[in-house]
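Here is a note for a colleague who is new to this entry. Please read the points below with the model open.

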Amino acid sequence: MTRVAIDVGGTFTDCLVLDNKGRLKQFKAPTTPEDPSQGLMDSLEKAAKSEGQTLSEFIGELEFIIHGTTLATNALLTERGAKVGMLTTDGFRDELEIRRGFKNIRTSMYNLGVPPYKPLVPRYLRLPVRERTLFTGEIETALDPASVEAALDKLSSENVKSIAVCFLHSYINPENERRAAEICRQRFDGNVYVTTSHEILPVWGEYERFSTTVVSAYIGPIVSDYLMALEKRLAGLGFKGSLLIVRADGLVQSASHSRRQAVTVINSGPAAGPTAALFWGRSSRHNNLISVDMGGTSLDVSLIRKGEIPTTTESWVGDERVAIKMVDIHSIGAGGGSLAWIDSLGLLRVGPQSAGAVPGPACYGRGGDRPTVTDADVLLGYVPTDYFLGGEIPLDAERSREAIRRVSEPLKMSESEAARSIFQSVNSLMADQVIELSTKRGLDVRDFALLVGGGAGAVHGANVAELLRIPLVVIPKYAALYSAFGMFAMDIGREYSRTHIMRADKVDLKMIEGLYRDLAKQAIADFKESHFKTKDLVFTRTAQVRYAGQFHEIEVPLPSVLKSPGDLEDVLKAFHARHKELYTFHLPYRQVEFLTFWLKATAGRGLHLKIIPIARGKANPKAALKRKRRCLFGKNWVETPCYDGERLLAGNVIAGPSIIEERATTVVVPPGFTCAVDASGTYLLKRS
C-alpha cells in the first residue's frame, strides 16, 4: 500500500509519497490560502500523474494520509477564529483576563505604555454558572441547570459559534463540566462547537487550563469544518484509508480526535521537523542537533540533545497561553518569501511580513513587486532561474532587480549590495534564534551539528553555521520536504495527563497505579474509537516533579510499575540528577513533590524507513557538473560551478564556492566549506 505525508505550509504544500518498496517521491504545489485543501489536492494530482494514474485511482490505493497544517496556528495569530462564549464557575469569570499579571509576554508587566491584553472572549460573553468542586474532587455545590440555561440564552442571542466550559478543579472531578456540556449540546444540537477544560487539559492551574480551552474553542469550528470537508472530499474520490493529523506534541492522531481537540493541531507540521532531524542525525551518527527548517514563510528552530526531542508545557502562541505539551520550537517570520523593508530609522529589515503563496516573491511573476529573501537569492546567483522546482516555476531575475531597487535606492546601494544585505540580515535572524535555544541556555553551539531543512534552508544553512562557528552542516535528502519526511517517522499516539499533588514522603503507590490504570483505559477506548489496533499499544509513564516551593517542574520518567519504596527512590534520584544536569545544582536534602502524571500511548505503524542508497563514485564530482554561474560571495563575483544533485554520487566531495541544484531546493557551498555526499544522498558541509 502507498502512504502519503502532506505538509501545508504558508507558501508551498509539500507531498511525500512512500510506496510499498520503500521508495520516496517528492512533490510540491503552491499553497492556496483561500482553501488549503485545494493545494493539498494539487500536490496529490502531481503524485498521481507521476504514477500514470487518475487522482481517484491514486487516492483509492492509499493506506493513509498524514497531514500537517498551519491552519490552526494562522487562525489564532490572525484573529480569524470563531465568536466564543465561556461558561465558568461563579466568581472566576475574570481569570482569563487577570492571567497571572501578564500584560504582554514580550514586555514587562510594569510597562504602563503597553496596551492591555485583549481576551479571545470579551467579558460580556464570559458568563458565571452556579457550581463548585473542591480541590479534593468533592462537589460542594452541584451544577445549577437553570444558571446554565440562563447563560445559554444570552450566548444564543449573541450568536456565538463556540462555547468553552471551564469550571474550577474539573481536572480532578469533571462531573459538573460534563453535565454543563450535555446541556449545551442538547440546546444547540450540533450547531455550536462545545468543548470542556477537562477534555482539553485535565491539569491544575486554572489560568493555564482556561486559556488553553478557550484557544481550542476559538479555533475549533475552523479546524473541525476544514477536516470534515477534507474527509468528505477524499471519500468522494474513493479514499478508504485513514486520515491522520500531526499533533503539537510530535505524535499523529485521527482526524476525528483532532476535530474535538483543535488546540492539539497548533504547530501541526513544524512539530514533525525535529523528528526528521533526529532520523537524519542518527544516520550521520549525531545526537546533538540544531534543527532549522526554513520554508517560504517561516523559520522553525529546535534543539535536540542526546537524541531527545524537547517538549514543553510553557508555550505562548502570540499572546495566548497554550499549556498542552508541545514540541519545543521557536518560530519567526523569516522564510524565502519574507519581505525586506526600511524602518523608521532608515535601517534595512527582513520579515516578519511575507509575500506568501499569493502573490509570492517578485521573481514568480504573479504580481508581487516587493523585495523578498528569494529575490535576493536570485540576484546573488544562488537560486537558478530555470530550475526552480525542477523548472516548474520559471523565475524572472529582472523582476527581482526591480523589487530590490525599492530598498537599494533609498539606502544608496547597488542592487547586488542590497541583495547581499538582505541575505546577511536573514542569516543573522536565523543565527539569533539558534543562540536563543543554545548559548542563552548555557550550551556551546560548537558541540552540535546544524541540520537544515526547508526549501530555502539549504541556501542559507552554511552561512548561518559560519556566523555561529558550527563545524558541521547536515542537509538531508528530501530536505525541501523536511516536515513531511518527519511525519513518516512519527508514531500514532496521544498524551494523557492527570494532576494529583503529593509530597514524595507521602506518596500512595497504589493510588498512582490506579490513576495510570484509568488513563490506560481511556487510551484504549480512544484508540478503539479511532479504529486503531490496541494490542500493540506501548505505554510510557512520566511525572512532573519539583522541589517544594519551586515554580518550575521537571518531567522525569517513571517505571512501568511502581511496586516499592525502592522504585520511588530511583525516581527521586533521577529527578535530582536531571535537575543538576539542567541547572548545574541539586538539593537532595529538600522535600520533593509530584504534581502531574503523564501517560504516553503510542502504536507503531510498521514503518521502518530505509533510505535507498545512491550509487557510489570517486571523490571528483566532475561527472555531475552542470554549468557555471556568476555568484556573489563576499564582495566578489565568482564563476561558480553548479552541480546536478541527481547525478552526484556517494563519495563525491565538492569544494566551495559551488552550487548544487536539486529539484526542490538549492544547496549553497560557500568559500571555506567542503561538501561530501554520503550513501543516502545527504550533504555534509564542513568548515575548513
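Predicted model: local features only at pLDDT ≥ 70, side-chain atom pairs only at ≥ 80, totals over all residues.

**Notes on side-chain contacts**

1. Leu582 is partly exposed, at a relative accessible area of 34%, where partly exposed lies between buried (under 20% relative accessible area) and exposed (over 50%), with a 1.4 Å probe and protein chains only.

2. Residues are numbered from 1 along each chain as its sequence is written, and side-chain values use heavy atoms, with hydrogens and water left out.

3. With Tyr583 and Phe585, Leu582 makes up a nonpolar surface patch of about 260 Å² of accessible area together. Such a patch takes residues with over 30% relative accessible area and no salt bridge, joining nonpolar side chains (Val, Leu, Ile, Met, Phe, Trp, Tyr) within 5 Å and like charges within 9 Å; the areas come from the Shrake-Rupley method with a 1.4 Å probe, and for residues only the protein chains shown count as cover.

4. The salt bridges (a side-chain nitrogen of Lys or Arg within 4 Å of a carboxyl oxygen of Asp or Glu) come to a count of 45. Arg541 and Glu513 meet in one of them, at 2.8 Å from N to O. Arg541 lies in strand 25 (residues 538-547) and Glu513 in helix 16 (residues 509-529), so this pair ties together parts that are 28 residues apart in sequence. Arg541 counts as buried at 12% relative accessibility, and Glu513 likewise at 13%.

5. Glu466 and Arg469 also form a salt bridge, their closest N and O atoms being 2.8 Å apart, but here Glu466 is partly exposed at 32% and Arg469 is partly exposed at 43%.

6. Aromatic pairs number 12; rings of Phe, Tyr and Trp (its six-membered ring) pair if their centres lie within 6.5 Å, with planes under 30 degrees apart counted as stacked, over 60 as edge-to-face and the rest as tilted. Phe279 and Trp280 are edge-to-face, 5.4 Å centre to centre with 80° between the planes, and Trp280 is buried at a relative accessible area of 2%. Tyr382 and Phe633 form a tilted pair, with 35° between the planes, and both residues are buried.

Methods:
Helix = DSSP H or I, 4+ residues; strand = E, 2+ residues; numbered from the N terminus.
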